[in-house]
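Colleague: Can you put the model up? I have some questions about it.

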Amino acid sequence: IEDVRAQVARSIAARVIRKAELVDGSKVGVVFTLSRSQDDQFLYVVAGEIRAFLNTGYIPSPATATSPGSQGRGGNSPPTKLVIVGSSPVFVHRAMMLTRSKFLGRTVENLDRALLWEVGVYGLGGSAYDELALRDIVKKSVSNLMEPLVPPPGSVSVALLLSHTRAKLERMTPDEAHNEVTGMDEMAPPIFLIDIRSERQQREFGVIPGSISIDRNELEWKLDPRSRGRLGPAAVVDRFDVRVILISHDGKASSLAARSLQLIGLTSATDVVGGFLAWKAAGMPFEPWIRGAEPEYEDSLSSATERVHGPSGVEG
């Protein structure tokens, strides 16, 4: 049986190395291995095989997911073992710190050595987050330290980010947005003009009649048809063809927000060029902000709901 275990461990180690990624001169990898029991010793056999393959500049993270989907501290399932092994104690120490942060409140430490760290993680392997988090951990643990004044590789300036974002949008002038909202086809999907400006900006500059005010921090949660906290009657926001037109103070934040909505499935989301400042300059309607006068979300959406489902909420 020991020969079989060694052969399986060698196969796992080879898979880690074959799929390893090169990060700043070091190779990193993650593997989940299933076992019928909490066979901690098997992880050390895997770690030994990995070191036999590559023993310089390598920090793999073999993880055994013996009970994928197990519960947290309040459940009955024991923590899953995670072993991090590397060629540098600095790399391993960084991985330790990152693991504690990524799996906050879910770790129970068992063993800490210079080049190896074993930890129990509750619920490890129970969601897609866990594998993505582990891969991020091993990548960051071997990354070179940043130069304070040099942009990190792969980063872009906010101006370039905004330019790339707007290339994905079909932006609208204030006049076009106003005409689309006020001239909605009764048979077309609902169209919402959503104001994501702060309350301070709305108090100072005014509000747009008929618009819906949603704090930028809540925007995706309120509009994602999959979200339990979605905005308004579920019959309206259960669909992905809703037309969302965002308006911010000057049209910058709204562009980034509109792209975020596209990524969660609202593919027709867009924004107003120039934001509220351009809206006001173009002579589009606005009115002073009055505390307590802003309508509830459901009230603001009632007309769109009736267009789609009739006054009773039943399709006609």
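Colleague: Is Arg-203 buried or exposed, or something in between?

Modeller: Arg-203 is partly exposed, at 42% relative accessible area; buried means under 20%, exposed over 50%, and partly exposed in between, with a 1.4 Å probe and protein chains only. Keep in mind that this is a predicted model: local features need pLDDT of at least 70, side-chain atom pairs count only at pLDDT 80 or more, and totals for chains, interfaces and linings use all residues. Residues are numbered from 1 along each chain as its sequence is written, and side-chain values use heavy atoms, with hydrogens and water left out.

Colleague: What does Arg-203 form a salt bridge with?

Modeller: Its partner is Glu-199, with the closest N and O atoms 3.0 Å apart. A salt bridge here is a side-chain nitrogen of Lys or Arg within 4 Å of a carboxyl oxygen of Asp or Glu. Helices (H or I, at least four residues) and strands (E, at least two) are DSSP runs, numbered from the N terminus.

Colleague: How many salt bridges does that rule give?

Modeller: The count is 15. One of the others joins Arg-243 to Glu-180, with 2.8 Å between the closest N and O atoms. That pair links distant parts of the chain, 63 residues apart: Arg-243 is in strand S9 and Glu-180 in helix H6.

Colleague: And how accessible are Arg-243 and Glu-180?

Modeller: Arg-243 counts as buried at 16%, while Glu-180 is partly exposed at 23%.

Colleague: Changing topic, which sheet does S9 sit in?

Modeller: An open, parallel one of four strands, in the order S8-S7-S9-S10; strands pair if DSSP finds at least two bridges between them. S8 (212–213) and S10 (270–271) are the edge strands, each with a single partner, so one side of each has no neighbour in the sheet. S7 (residues 191–195) and S9 (residues 243–247) pair over five bridges.

Colleague: Where does H6 lie?

Modeller: H6 (residues 174–182) lies across S7 and S9, at about 140° to S9. Axes are lines fitted to C-alpha atoms, for helices over the stretch in contact (heavy atoms within 4.5 Å), and angles run from 0 to 180 degrees between N-to-C directions. Helix H10 (residues 253–263) also packs on the sheet, touching S9 and S10, at about 155° to S9.

Colleague: Last one: what about S2?

Modeller: Six of the eight residues of S2 (residues 26–33) are buried, so the strand is largely enclosed by the rest of the structure. S2 pairs with S1 (residues 21–23) in the antiparallel sense over three bridges.
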